[in-house]
Amino acid sequence: MNISKCLIALLLFALPGLVMAGGDGIQLQDFTTHWAGIVCVIIFVMAYSLVIAEEALHLRKSKPVMVAAGIIWMIVAIVYANSGDTHTAEAAVRHNLLEFAELFLFLLAAMTYINTMEERGVFDLLRIWLVSRGFSLKTIYWLTGVLAFVISPIADNLTTALLMATVAMAVGGTNTTFVAIACINIVVAANAGGAFSPFGDITTLMVWQKGIVQFQEFFVLFLPSLVNWLIPAAIMSMAVSNEKPEPIESGEFRLRHGAWFVVGLFILTIVMAVSAHNFLHLPPVVGMMTGLGLLKFYGYYLKRRDAIKTAEKSEAVADDNLNLGEHHMALEDNATQQRGAQDDHGHGSNHYNIFKSLERAEWDTLMFFYGIILCVGGLGTLGYLSLVSQMMYVDLGTTNANILVGFLSAIIDNIPVMFAVLAMMPDMSHGQWLLVTLTAGVGGSMLAIGSAAGVAVMGTARGVYTFMAHLKWSWAIALGYGASIWVHFLVNASAFSVPAGAAAKAVGAH
């Protein structure tokens, strides 16, 4: 095997993986030793180096990969055109754009629901309840861990980790030792909880959307995921005291109107996404976007209700005012407020506005996904895919490769690594696909930078929950990682008897 090919292949997998650019009858050529391939790899490595240095440079991670994506595809188009093929580059980039569009719209709908529930006070209610009860530090440690594990399969691991981290910080106060250990526990629990649900992590969402693992099949990973969290949680709990801090007075808190109805709509949206996929054989994003449309209708009702309440309040104030001049001014203000409320785009700052929830989506993350998918899709079009697949899943072995995926997720990030596995589509049993879903989901917990939840909590608990604070407990998290793999082989042994290639055939049929 050519040495340069080996080095490039290892580099590509040790950094982010490749998205399959083939399909739709596309005939890929081998440009792995061509100048274009080498240049594109260098561009990608430079861009991803800036992503890794995001915290130090304060440069949004989407910017370098978006620019790199455009340059890489220009080079891909040039080399294919020079070889007499003017079709492949266009067809391949369209294939990658379709992959991104499904993921983008699905996440946009989910993020909008989460932001709306936050705006209605659902998460504040939970946070205030926890910090006002006067629990001991050890109780808070376990409660935040349990809640992170339970909520993340529905709300996603990133949102859940941020929510629980604010609770730990509020209760812990100046006790930085407790806050750091509680944040580590929360990150591990959120990642573990997200690993057994299609909605819990971006990687599980990608696996589900590909049709490799069906919705109900993810739940066989519940026990391995639970073990992955419980072992390090039990070890770290020995360093948490039973000190009982003073309860924090939070005052009276009431949910905003329609909060629970929004929660119900979100559950209905999830049901529609699952039903569209399982029964109608449509992409799950169809159900999610339909649910987003229902939320927009309900948002219109909330906005109109807010406008009416504002008008009634203004009229009551005006009636109590004996000064006719001031009365006239109050009526004019009321009319202005009503006109603002009737604008379907909701420019009134006091009224509910669905577009504000859309604006608050993680746009940098969404654009980062665009850049990553297009970057690595371009590299895949240059022919590196089959080489990496051979090295990882043939030479190294399926089980070893899937276990390695977890360690790579901790060093790099689980999203691009899972892209690599889905791109290569190795011929594996159903049990092995479940294994790589598990390892990619929980492997990132071993380092603070290995998951979106860890990076986000580092930003929230800056200076307390740090890379080194997390690293001190990485050995305990690694024990949980190894135990979860053992439990998976033990309780899901029958899944490994599924003939190799069955999952890939199911994808093709789907």
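The legends below describe close-up views of a predicted model. Local features need pLDDT of at least 70 and side-chain atom pairs count only at pLDDT 80 or more, while totals for chains, interfaces and linings use all residues. Residues are numbered from 1 along each chain as its sequence is written, and side-chain values use heavy atoms, with hydrogens and water left out.

**Figure 1. Overview of the protein chain.** The protein chain holds 24 helices and 0 strands; helices (H or I, at least four residues) and strands (E, at least two) are DSSP runs, numbered from the N terminus. Of its 510 residues, 54% count as buried. Buried means under 20% relative accessible area, exposed over 50%, and partly exposed in between, with a 1.4 Å probe and protein chains only. The accessible surface of the chain comes to about 21800 Å², with 65% of it belonging to carbon and sulfur atoms; areas come from the Shrake-Rupley method with a 1.4 Å probe, and for residues only the protein chains shown count as cover. Contact means heavy atoms within 4.5 Å. Among contacts between residues at least 6 apart in sequence, 81% join residues at least 24 apart.

Figure 2. Asp364 and Lys61 form a salt bridge, with 3.3 Å between the closest N and O atoms. Asp364 lies in helix α16 (residues 363-381) and Lys61 in the loop between α3 (54-57) and α4 (62-82), so the pair ties together parts that are 303 residues apart in sequence. A salt bridge is a side-chain nitrogen of Lys or Arg within 4 Å of a carboxyl oxygen of Asp or Glu. Both partners are buried: Asp364 has 13% relative accessibility and Lys61 has 18%. Lys61 also lies over the face of Phe368, at 5.8 Å from the ring centre. A charge sits over a ring if NZ of Lys or CZ of Arg is within 6 Å of the ring centre and within 35 degrees of the ring normal.

**Figure 3. Further salt bridges.** The whole structure has 6 salt bridges. One of them joins Glu99 and Lys210, with the closest N and O atoms 3.3 Å apart. Glu99 is in helix α5 (residues 88-119) and Lys210 is in the loop between α10 (202-209) and α11, so this pair ties together parts that are 111 residues apart in sequence. Glu99 is partly exposed at 29%, and Lys210 is partly exposed at 22%. Glu359 and Lys356 meet in another salt bridge, at 3.9 Å from N to O. They are 3 residues apart in helix α15 (residues 354-359), separated by about one helical turn. Glu359 counts as exposed at 51% relative accessibility, whereas Lys356 counts as partly exposed at 45%.

**Figure 4. Aromatic pairs.** A search of the whole structure finds 24 aromatic pairs. The ring centres of Trp473 and Trp475 are 6.3 Å apart and the planes are at 25 degrees, so the pair is stacked. Rings of Phe, Tyr and Trp (its six-membered ring) pair if their centres lie within 6.5 Å; planes under 30 degrees apart count as stacked, over 60 as edge-to-face and the rest as tilted. Trp473 is buried, with a relative accessible area of 17%. Elsewhere, ring pairs link Tyr141, Trp142, Phe149, Phe196, Phe222 and Trp229 into a cluster.

**Figure 5. Nonpolar surface patch around Phe222.** Phe222, found in helix α11, is partly exposed at 37% relative accessible area. Together with Leu223, Trp486, Leu490 and Val491, Phe222 makes a nonpolar surface patch of about 500 Å². The elements giving two or more residues to the patch are α11 (222-237) and α23 (474-491), and α23 gives the most, with 3 residues. Patches are made of residues with over 30% relative accessible area and no salt bridge; like charges are joined within 9 Å, and nonpolar side chains (Val, Leu, Ile, Met, Phe, Trp, Tyr) within 5 Å.

**Figure 6. Buried positions in helices.** Leu130 lies in helix α6 (residues 122-131) and is buried at 1% relative accessibility. Not counting residues up to four places away in sequence, Leu130 touches Phe135, Ile140, Leu143, Leu147, Met164 and Val167. Asn228 in helix α11 is likewise buried, at 1%. With neighbours within four places left aside, the contacts of Asn228 are Val188, Ala192, Val442, Gly480, Tyr481 and Ser484. In helix α21 (residues 452-460), Ala453, Gly454, Ala456, Val457 and Met458 are buried. The buried residues of α21 pack against α8 (157-172), α9 (176-194) and α22 (467-471).
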